[in-house]
Amino acid sequence: MNLLNTFLVLLQSATSQGVLWALLAIGVYLTFRILDIADLTAEGSFPLGAGIAAISITNGYSPIIASLFGFCGGLLAGLVSGLLHTKLKIPALLAGIITMTGLYSITNRVMGAPNIALLGQKTVFTIFQDMGFVKNNAVIIAGFLFAAIVILLLFLFFRTEIGLALRATGDNLAMSEANGINTDNMKIIGYMISNGCIALSGALLAQNNGFADLNSGIGTIVIGLASIIIAEVLFANKSLLIRLITVVIGAIIYRFILAVVFEFNVEANDIKLASAIVLVICLSLPQLRTKLGLQKIGPKPKGGQS
Amino acid sequence: MNMKRWITSGILAASVLALAACGDGSNESSGDDNMKTVGVLQLVEHGSLDAAYEGFKEGLAEAGYTEGENVTFDYQNAQNSQDNLKSMSEKLLKGDPDLLLGIATPAAVSLANETTDVPIIVTAVTDLVEAKLADSNDVPGRNITGTSDMVPIEQQIALLLSIVPDAKTIGVMYNAGEANSKIQADLAEAALKEAGLEVKVLTANTTNDVQQVTTSLAKDVDGIYVPTDNTFASAAAIVGEVAKETKTPIVAGSVDQVNDGALATYGIDYKSLGIQTGKLAAKILDGDAEPATTPVETAENLELVVNDEMAEALGIDPASIVAPE
């Protein structure tokens, strides 16, 4: 059946790409929601991770090590943004933009060229492809493995003292300081882990796409934010662990929406407008549902109130 | 409540997919062997790249493949969002094409990553070997071949030096984020140094930075060379303005740049490169050639083009600018 076939093909493609973009969305979630900071470093740390991984792979390192190098690059990028924001008191938005701008040159130096092709190189996915899986399925399996490990580690981290202190910093800065938490350090740690995840996402996507490009960071913050908001709109009021899992689903859904937009054979000029309109429709779903009387809006009432 | 939510989501999803399938149906090939399908993936909307695509269709038409009669084009443009390249490549492959065209390096690499069977023609890629698209320019070795927009750098530098024979320092400017430009700029720098000149290089990231970079460079140098760079080509008008103010001769890589603002070029015209690409593609579609053994072509038609208005503004007699040996 043509409809079912199209659906399954699009879903498979969306899942394979979405699960990799999910790592970026999780990274953005860390700063955007947990720390309550608007961090634009993502557009710089994403190509940095891609570039570091690509140059490592072409120099013979194993792809998993290369991806971890990319992760470390993101940690450093986050450190810079964190220091700019906390020590030099530069507003968060500007700190992110400054780091993103500087990273453009640094990534260019690391890569040695604006574009590195990875065609024919070993990637983290070739391990599964050698087992006989089709490329997309290998990516889905490897991607979910990476996502699961990252989410598990984050979940455990956020239950430690430092992790809880980080969450407190994001929820109520003044109260956290009053309780003796070093909020500057918490923010720096948050910046670092967030950009580490984003860079890891860049490293994996470069291996999936077959190339690392200096300009691949453009527009990635939108992808991250859209994935988070889709997740929050569809699955409201969830605990942290479930929330992280729903962010993965949100990233997959976003990719699926874009794939559907392309299926409509929109004029090449109008693709971005079409994507924006479809996104608006999706994000206004809660309003639509309220109007149709299907769901009440607002948080669940607390235990003490009636 | 949960049931209603699932039912609503289900209905929405199904209706969206129904619409999508309808849209997709009109694009399917009729299974007619006479109708060839060509999938095209372009990185960004841009004068030179658009001209290359137009030329490609013309070249195919001249070789007997007319749009609508025996060939259909599935054209996708990533609008400079590289994250869309993969989804678009997959979509093109779903249409079961007989041939794929990749315009610009990231688009070409994205297509190459998706298939090793369907023949892929690339254009507006400067060095296929460097981009790992081909094993060598003479024997590409895989399912990929095409036309390189490599311009004769030495001859263009010779042209520039013939316009400013007393020059001591020459400037080179390009967008460091474009793979093609870096290759050409490095060659230009080497050629200039060999000719015994000082070289000053500046780069711009976006069209917004072009004016500043040009002004900054123009005051320190006697002449400027700009390779076939997408960013500087888009902003050629402002480059021309600054050149007029500072009286700096600028030699550019492609004809489009000269028409919009540079002084002169001995270079390629992307439209005729496109026509050349189309004819190459026709040979593959006819079955007369295999990509693996078809050498990568460089532009056949190189022309000396001078912007007379710019020449007069700079106080140079246009007739005195001649093609280099």
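Biologist: What makes domain 1 and domain 2 of chain B, and which residues belong to each?

Modeller: Domain 1 of chain B holds residues 33–149 + 271–301, and domain 2 of chain B holds 153–268 + 303–320; these bounds come from an automatic or database domain assignment. This is a predicted model, in which local features need pLDDT of at least 70 and side-chain atom pairs count only at pLDDT 80 or more, while totals for chains, interfaces and linings use all residues. Residues are numbered from 1 along each chain as its sequence is written, and chains are lettered from A and ligands numbered from 1 in the order in which they are written.

Biologist: How do you know which residues of domain 1 and domain 2 of chain B are in contact, and how many are there?

Modeller: Two residues are in contact if their C-beta atoms, placed from the backbone, lie within 7 Å, and by that rule the contact takes twelve residues from domain 1 of chain B and twelve residues from domain 2 of chain B. On the domain 1 side, the largest share, three residues, comes from α2(B). The centres of these two domains, taken over C-alpha atoms, are separated by 29 Å.

Biologist: What makes β1 and β2 of chain B a pair, and in which sense do they run?

Modeller: Two strands pair if DSSP finds at least two bridges between them; strand β1 (residues 36–42) and strand β2 (residues 71–77) of chain B are joined by seven bridges and run parallel, so they count as a pair. Strands are DSSP runs of E with at least two residues, helices are runs of H or I with at least four, and both are numbered from the N terminus. One of the bridges sets B:Val38 against B:Phe73 in β2(B).

Biologist: Why is the crossover from β1(B) to β2(B) called right-handed?

Modeller: The chain passes from β1(B) through helix α2 (residues 47–62) of chain B to β2(B), and this β-α-β crossover is right-handed, a name used because, with the strands pointing away from the viewer, the path from the first strand over the helix to the second runs clockwise.

Biologist: Why are β2 and β11 of chain B called edge strands?

Modeller: The open sheet has six strands in the order β2-β1-β3-β4-β5-β11 (chain B), with parallel pairing. Strands β2 and β11 (297–298) of chain B each pair on one side only, and they are therefore its edge strands. Within this order, strand β3 (residues 99–103) and strand β4 (residues 120–125) of chain B pair in the parallel sense over four bridges, and B:Ile103 has B:Thr123 as its bridge partner in β4(B).
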